[in-house]
Amino acid sequence: MTHSTALLTDHYELTMLQAALADGTAQRRSVFELFARRLPDGRRYGVVAGVNRLLDALERFRFDEQTIAFLADRGVVDQATRDWLAEYRFSGDISGYADGEIFFPGSPVLVVESSFAEAVLLETVFLSILNHDSAVASAASRMTWWAGGRPCIEMGSRRTHEEAAVGAALAAYISGFSATSNLEAARRFGIPSTGTAAHAFTLLHDREEDAFRSQVDALGKGTTLLVDTYDVANAVRTAIELTGPELGAVRLDSGDLPSLAGQVREQLDSLGAAKTRIIVTSDLDEYQIAALAPAPVDGYGVGTSLVTGSGYPTCGFVYKLVAREDASGELVPVAKKSPDKISIGGRKWALRRRTAAGVAEVELIGVGEQPVDDGDDRVLLKPLVEAGKIVGRTTPEESQAHHQKVRDELPRSASQLSRGEPAIPTDYIGDYTSRNPFLPRSHT
């Protein structure tokens, strides 16, 4: 059974709809945009993820009989509104940044064009998906950048909501993680899964040697043995005595990981197991991964920090009405003036301006008109939905490849973990300075 996503929303989306249907403004042509006003402290760029999950949610955004009955029982909206909702199908256009794309402050990550009634209902579910998945992807990208080609495994399912864990696994994969421990994510999205044993398996057995032998018998010598339950040096010696040099890897989950990895590497080499890899886990984040760069580590398993956005579990995305049809049928810019929450009115288009060498230098946003490609630029907004038909899905593999490509465009300063400005500035262009009263003063 396919479950409706229509109630993954806030109560006031429907009450706004009821009022707009009653006063005749519901069908006004409107443009909503989803964007972040700023990046979290210390972040030089963000990564978009969740677009494909968003499209799946849109496809199931239907007010079926059970949903309508719930709204009637609770008295959320009146009969006329419920009748309208029963026929709801999004028929507008959506363009946006693809999964894996880089974003900056002001980037129009998603542009929704339709009637006010159709678009306003989508605010909460779109923000819910993109704020979560992009936060994870943004953290994951910093981790894989500092991993320097060493594989990273997502293993944070037990540290977040069960459904959030599935989205987090995909978001991490988009940003370069090689595999996940979450089998539901592997089933839904086809991404690789992996896993061997926890400390409980060693503790189950009378001797550590018995646990290792059992695991090797079941999974083969290429498995990864967890060697820090008791004494690491003894465990490594026992592991190699059982498997010889064919042991796939050992895992370290505690202690002073940089120095311990060095000691284990020396021991493995002395025992003739030069090809046995060292995998480290233990509440890693991008800072610890960067600190481990000089150590003889072959891969990382990351959990809590990853699925919580490494301290920033949301991107701060907002979904704002930026243009709407006026009484004469013209599309006019609208925006908030609230202090610290100002937005820029007018429909946006975006280019990533690049140097002749292909290095990103400016996020160029046209307000009310498309910016002109000077020959080295890259168009950022892609068609996702056209006249209600979904056209913009990508595979996880395509999204991962896209992220690697666009991250490679960034200046090297984008990898810095210290506080600083976004890797490139955001510039607005267009004939708008005189007619757009909503433009922040710093851009005029």
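## What buried means here

A residue counts as buried when its relative accessible area is under 20%, and as exposed when that value is over 50%, with partly exposed in between. Keep that handy for this predicted model. K348 has 4% relative accessibility, so it falls in the buried group.

## A buried pair: K348 and E33

Let's see who K348 teams up with. Its side chain meets that of E33 in a salt bridge, at 2.9 Å from N to O. K348 belongs to strand β14 (residues 348-354) and E33 to strand β1 (residues 29-36), so this pair ties together parts that are 315 residues apart in sequence. E33 is buried as well, at 2% relative accessibility.

## Two pairs that involve helix α2

Next up is R53, which forms a salt bridge with D133; their closest N and O atoms are 2.8 Å apart. R53 sits in helix α2 (residues 51-59) and D133 in helix α6 (residues 123-147), so the bridge joins parts 80 residues apart in sequence. R53 is partly exposed at 21% relative accessibility, whereas D133 is buried at 1%.

Then there's D56, whose salt bridge partner is R393, with 3.0 Å between the closest N and O atoms. D56 is in helix α2 and R393 is in the loop between β18 (389-390) and α15 (396-407), so the pair links parts 337 residues apart in sequence. R393 is partly exposed at 39%, and D56 is partly exposed at 30%.

## The wider picture

How many salt bridges does the structure hold? The count is 25. Some residues join up in a network of salt bridges: E101, R352, R354, E363, R378 and E409.

Technical notes:
Residues are numbered from 1 along each chain as its sequence is written. This is a predicted model: local features need pLDDT of at least 70, side-chain atom pairs count only at pLDDT 80 or more; totals for chains, interfaces and linings use all residues. Side-chain values use heavy atoms; hydrogens and water are left out. A salt bridge is a side-chain nitrogen of Lys or Arg within 4 Å of a carboxyl oxygen of Asp or Glu. Helices (H or I, at least four residues) and strands (E, at least two) are DSSP runs, numbered from the N terminus. Buried means under 20% relative accessible area, exposed over 50%, partly exposed in between (1.4 Å probe, protein chains only).
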